[in-house]
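Here is a short note for a colleague opening this structure for the first time. The points are numbered so that each can be checked against the view.

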Amino acid sequence: MSTEDIDPVKPLPPPVVEDPISLIPEFIDSDSSSYPPITPGGSLIIAWQIRNKRVLLVGGGNVAATRLVHLLNADALITLISPPSGLHPETAHRIKTHQHSITYIPRTFHLSDLNDPTINLVLTAIDDPVASTEIYTAAKKLKLPVNVADVPPECDFYFGSVHRDGPLQIMVSTNGNGPKLAAMVRRQVAGSLANGTGEAIVKVGELRRKLRNAAPAKEDGGKRMEWMSRVCEEWSFEELAGMTGAQMDVLLRGFKEGKVEGYDEVVELARVLEAATIDDAAVDAADNQENR
Ligand SMILES: C[C@@]1(CC(=O)O)c2cc3[nH]c(cc4nc(cc5[nH]c(cc(n2)[C@H]1CCC(=O)O)[C@@](C)(CC(=O)O)[C@@H]5CCC(=O)O)C(CC(=O)O)=C4CCC(=O)O)c(CCC(=O)O)c3CC(=O)O
Ligand SMILES: NC(=O)C1=CN([C@@H]2O[C@H](COP(=O)(O)OP(=O)(O)OC[C@H]3O[C@@H](n4cnc5c(N)ncnc54)[C@H](O)[C@@H]3O)[C@@H](O)[C@H]2O)C=CC1
């Protein structure tokens with residue numbers, strides 16, 4: 001079946017098999033004690049890749065300003081609709097300083113504003129509950145995900161309290177129960193992180209890319225994952241954060257035999273190798289001089 005055969009309006013046909021569960025062999029589900037327990041009632045927390053995708057933000061006040069921070073941090077393209085008189089100074093500042101990302105429409109919202117097929121997501125942050133519901137209903141007709149600030153029942157998703165440190169993002173959600181407490185928990189969590197956690201993650205990202213270049217084979221996937229996990233466990237955050245490119249190369253030498261060298265050995269060997277390279281370069285330079 002190709003994707004053209006799927007009609008999003010018609011429901012999928014019912015499964016052909018009468019009792020599909022009876023077809024699952026008993027032994028496949030023999031040890032359920034080790035599986036994580038299910039606690040219903042939560043949200044699905046995911047990291048939405050909204051980069052270069054368009055978001056419609058209606059409103060330009062205080063809440064819109066906080067939405068803009070999240071959207072700009074995620075490299076989204078934004079259409080912002082609000083009368084100029086209602087702009088919060090922070091929103092006005094973002095519009096002026098991010099003209100390549102923000103298209104500003106200086107008026108109240110019209111339903112036709114939703115006629116842009118490039119819109120992926122709709123956020124409203126306006127002090128007009130009637131207009132909010134109108135926008136919500138129209139966006140749902142278009143099957144667009146919506147967040148209406150202040151009206152949880154009109155939200156497909158909630159925002160959370162976010163700690164950011166380079167590539168690290170930690171979002172705290174209380175699932176609508178206590179937004180202020182979410183911010184307090186976020187501060188506590190952020191305060192308990194080791195110094196340089198974000199930088200350690202940057203370096204691990206670099207190391208993973210180097211490893212993939214050095215051992216790109218698909219069948220090495222399991223070995224790569226096991227080795228990377230061990231590096232993360234055996235090196236401290238501080239050690240990872242300070243890792244140089246030369247140290248990464250030394251560490252990667254151990255991959256073939258599945259060895260993870262300790263921090264001290266790697267630092268020392270990288271130092272010796274670097275010194276040798278400098279010496280070699282000096283010898284080469286001297287040779288070049290003599291041959292002239
Ligand atoms: C459901 C949700 C929908 C959504 O906005 O997506 C929602 C809804 C509502 N917020 C209200 C009030 C406040 N919201 C904040 C602050 C934040 N609110 C955020 C998220 C969410 N707020 C979502 C649930 C998230 C969760 O439960 O974890 C944060 C985390 C993220 C963000 O907005 O970016 C951000 C903190 C960011 C940070 O500082 O890190 C403060 C405190 C402050 O302003 O300092 C207050 C006043 C104190 C208080 O009430 O706690 C009211 C009542 C209005 C009224 O009573 O009239 C409603 C409506 C209702 O509950 O009915
Ligand atoms: N995290 C949350 O969910 C929170 C939600 N709120 C709620 O969010 C809403 C917005 O709050 P603030 O930003 O503080 O309000 P605000 O009064 O600062 O801003 C409202 C903005 O909406 C614009 N606006 C009003 N009607 C419009 C329309 N039809 N089309 C386009 N723009 C329009 C105004 O120009 C202004 O920019 C309020 O209902 C508030 O109660 C408040 C605090 C936290």
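1. Start with Arg212. The residue is partly exposed, because 14 other C-beta atoms lie within 10 Å; a buried residue would need 20 or more, and an exposed one 12 or fewer. Arg212 sits in helix α5, which covers residues 197-214. Now look back along the chain to Asn195. Arg212 and Asn195 are 17 residues apart in sequence. In space, their C-alpha atoms are 27 Å apart. Keep in mind throughout that this is a predicted model.

2. UniProt places the feature "domain: Siroheme biosynthesis protein Met8 C-terminal" at residues 196-260, in an unreviewed entry. What does the chain do over that span? Residues 196-260 are 69% helix and 0% strand. The end C-alpha atoms of this span lie 22 Å apart.

3. Step back to the overall form. How many helices and strands does the protein have? There are 9 helices and 7 strands. The radius of gyration is 27 Å, whereas a compact globule of 292 residues would have one near 19 Å. The C-alpha atoms fill a box of roughly 80 × 60 × 45 Å along the principal axes. Buried residues make up 18% of the 292 residues. Take the contacts between residues at least 6 apart in sequence: 59% of them join residues at least 24 apart.

4. Next, the domains. The assignment gives domain 1 (54-159), domain 2 (160-193) and domain 3 (197-284). Domain 2 and domain 3 have C-alpha centres 32 Å apart. Their contact takes 5 residues from domain 2 and 6 residues from domain 3. On the domain 2 side, the touching residues are 3 nonpolar, 1 polar and 1 charged.

5. The chain over residues 165-190 is 46% helix and 23% strand. The end C-alpha atoms of residues 165-190 are 9 Å apart.

6. Now ligand 1. Which residues come nearest to ligand 1? Of the 21 residues around it, the nearest are Ser161, Pro179, Lys180, Ala182 and Ala183. Helix α4 (residues 179-191) gives the most to this shell, with 5 residues. By class, the shell around ligand 1 has 8 nonpolar, 10 polar and 3 charged residues. Why is ligand 1 said to lie between domain 1 and domain 2? Both domain 1 (54-159) and domain 2 (160-193) give residues to its shell, so ligand 1 lies between them.

7. Ligand 2 has a shell of 22 residues. Gly59, Gly61, Val63, Gly86 and Asp150 come nearest. Helix α1 (residues 62-73) provides the largest share of this shell, 3 residues. The shell around ligand 2 divides into 11 nonpolar, 8 polar and 3 charged residues.

8. Two backbone angles deserve a look. Most residues other than glycine have a negative phi. Asp75 is not a glycine, yet its phi is positive, about 60°. Asp75 is placed in the loop between α1 and β2 (77-81). Is Asp75 buried or exposed? It counts as exposed, because it has 12 C-beta neighbours inside 10 Å.

9. The other angle belongs to Asn175. Here phi is positive at about 55°, and Asn175 is not a glycine either. Asn175 is found in the loop between β7 (168-172) and α4. Asn175 has 13 other C-beta atoms within 10 Å, so it is partly exposed.

10. Last, Trp48. Where does Trp48 lie? It is in the segment before β1 (54-58). Trp48 counts as exposed because it has 12 C-beta neighbours inside 10 Å. Trp48 and Arg94 are 46 residues apart along the chain. Their C-alpha atoms are separated by 22 Å.

Key. Residues are numbered from 1 along each chain as its sequence is written. Chains are lettered from A and ligands numbered from 1 in the order in which they are written. This is a predicted model: local features need pLDDT of at least 70, side-chain atom pairs count only at pLDDT 80 or more; totals for chains, interfaces and linings use all residues. A residue is near a molecule or strand if its C-beta atom, placed from the backbone, lies within 6 Å of it. Helices (H or I, at least four residues) and strands (E, at least two) are DSSP runs, numbered from the N terminus. Ala, Val, Leu, Ile, Met, Phe, Trp, Tyr, Cys and Pro count as nonpolar, Asp, Glu, Lys and Arg as charged, and the others, Gly among them, as polar. The radius of gyration is taken over C-alpha atoms; the globule rule is 2.2 Å times the number of residues to the power 0.38. Two residues are in contact if their C-beta atoms, placed from the backbone, lie within 7 Å. Domain bounds come from an automatic or database domain assignment. UniProt positions are given in the numbering used here, feature names are shortened, and annotations may be inferred rather than shown by experiment.
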